[in-house]
Amino acid sequence: MTTNNPLKAAWQALYRHAEEMRATHLRALFAEDPQRFAAFSLQSGDILMDFSKQRLTSVTLRLLRQIASASGLSCWRQRMADGNAINHTENRAVLHMALRAPAQAAPDAATAREVAENLEHMRAFCAALHTQPGGGERVTDVVHLGIGGSDLGPRMAVQALAACQHPDLRLHFVANVDGAALAPLLARLNPRSTLFIVVSKTFATQETLTNARTAREWVDASLPETNARAGADAVARHFVAVTSNLAAATAFGIPAARVFLFGEGVGGRFSLWSPVGLSLALAIGFSGFTALLSGARQMDAHFLEAPPEKNLPLTLALLDLWNADALGAHSHGIFPYSQSLELFPAYLQQLEMESLGKSVDRQGAPLAHGGSPILWGAAGTSGQHAVFQLLHQGRALVPCDFLLLKHADFPLPDHHLRLLANGLAQSAALAFGETPEEARARQVDAALLPWRAFPGNQPSTTLLLERLTPHVLGQLLALYEHKVFCLGVLWNLNAFDQWGVELGKKMAQRLLPYLEDEGETPGAVLDASTRGLIAALNAGCAA
């Protein structure tokens, strides 16, 4: 069957090819081409990407790139770089690349000026905090209060770059509104030497504001003499805000000079490069933060300029499309063989599932293809002893990304080579498995062969990073950001809104008065389950 629609024809060709490839084992692909690694690996900057263990051929890649071309990906990419409002449901540009771009590459002069002013504000604040006492006593602890995109990026990056951190500062992150997240931390902090960074784009996020109010009450109660002094205010000295809502932050009590602003064109999960990354800049120094930006900028240039056959973000996206749409994978594993990158899977969960977890396309119709698989993962080697059994002998197809560091960030004798050996072994074992004949040759009891055979054929990509520095981390994060952008285009969805997140927030606001025993909210209609649970809670069930 033929079609005059090039995009539809490209998808049909891919699906036909997938049927031909479905029974092909990775063992056969490597047997046919012993030099497969050379043909199916790419490098950009400090990142080597080996995708030779993916279940594909050069024909597969050609068909995938035809879909990218027919989707107009290069046009969409330029529209994002030019500052067009590609987030059409909110009529907003997508400006996270502008946060790390040189002034001449910004979409417009106003954006360039705003970015420069924000960076200078951050630089000056970092310099002052690192070199001078604050409020009569040096700051020793910084508490970052945020949630979602206002938390996961900085939290992940601070842990990832622990080897680079300022020796005299301790960083803490509180996201959950559960008192168990904040109360134990406050119990061990000294209020005189603690700085709170309240991060909320709207300065109305209920979890963040609840934690911030509790922290403010703690500071006020702990330092009554500070508030008693004429012209002094504990909140003004111990809080800063990162937000786009200056009025709300100053109403909270934070002076305008201690409010770091960022624009509406930066979504939370893409905002690490903005003042949302202030806690990271404090942790690793502003020079380290600018190195992070330069690494991301290097990947931006690669993404914008490299041809499709050399383009890492596009190739990474096409691999996801192949596994999810053509081979039917419903989940994707992320396994960094680096304890410092332990939070990277959680960061990617938000980046990818909030961006791509959609069921309608840009025209409002049901998606014809795609939508985010479920992301999950753990740090190696501990993940091997928890979830890898399912990968090796379970029934699900689970493509994986393995991340390895060529050089350890915390070198200890006899550690790093063992870590690398495990990472390499797992991707090889998942790809090639072990047949009953091979197990028998290893003297495995014949009666146990059904349980001691491993089917293999689990696809994976390995990203080998030179070392974990701010510059390299910037490259890595930008790589995955651009992968998400590409998948949004390939699947014809808006990757930059998140209306599903808003629904739960609104429902929680409607339910709170019931739990506070203030009676029913006008216009609210409760289902029988929720009404019954509220009745049980109000009757003391949870006490």
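**Reading helix packing, cores and cysteines in a predicted model**

Tyr-480 touches Leu-316, Phe-344, Leu-348, Leu-351, Glu-352, Asp-401, Leu-403 and Leu-463, leaving aside residues up to four places away in sequence. The model is predicted.

Q: Which residues touch the most other members of the largest nonpolar core?

A: In soluble globular proteins, nonpolar side chains tend to be buried together. Here the largest nonpolar core holds 112 residues, and Leu-282, Phe-344, Leu-473, Leu-476 and Tyr-480 touch the most other members. Helix 21 (residues 470–490) supplies the largest share of this core, 13 residues. A second, separate core has 24 residues, including Phe-196, Ala-212, Trp-218 and Val-219.

Q: Which residues in helix 1 and helix 15 meet?

A: From helix 1, Trp-11, Leu-14, Tyr-15, His-17, Ala-18 and Met-21 meet Leu-321, Trp-322, Asp-325 and Ala-326 of helix 15. By class, this contact has eight nonpolar, one polar and one charged residues.

Q: How many disulfides are counted, and why is Cys-126 without such a bond?

A: A disulfide requires a pair of cysteine sulfur atoms within 2.5 Å. The count is zero disulfides. For Cys-126, the closest cysteine sulfur, in Cys-164, is 15 Å away, so a bond is ruled out as too far.

Q: Is Cys-126 buried or exposed?

A: Buried means under 20% relative accessible area. Cys-126 has a relative accessible area of 1% and is therefore buried; Cys-400 also counts as buried, at 1% relative accessibility.

How values were computed:
Residues numbered from 1 in each chain as written. Predicted model: local features only at pLDDT ≥ 70, side-chain atom pairs only at ≥ 80, totals over all residues. Heavy atoms only, no water. Contact = heavy atoms within 4.5 Å. Helix = DSSP H or I, 4+ residues; strand = E, 2+ residues; numbered from the N terminus. Nonpolar A, V, L, I, M, F, W, Y, C, P; charged D, E, K, R; others polar. Core = buried A, V, L, I, M, F, W, Y, C linked by side-chain atoms within 4.5 Å. Buried < 20%, exposed > 50% of the residue type's maximum accessible area, 1.4 Å probe, protein only.
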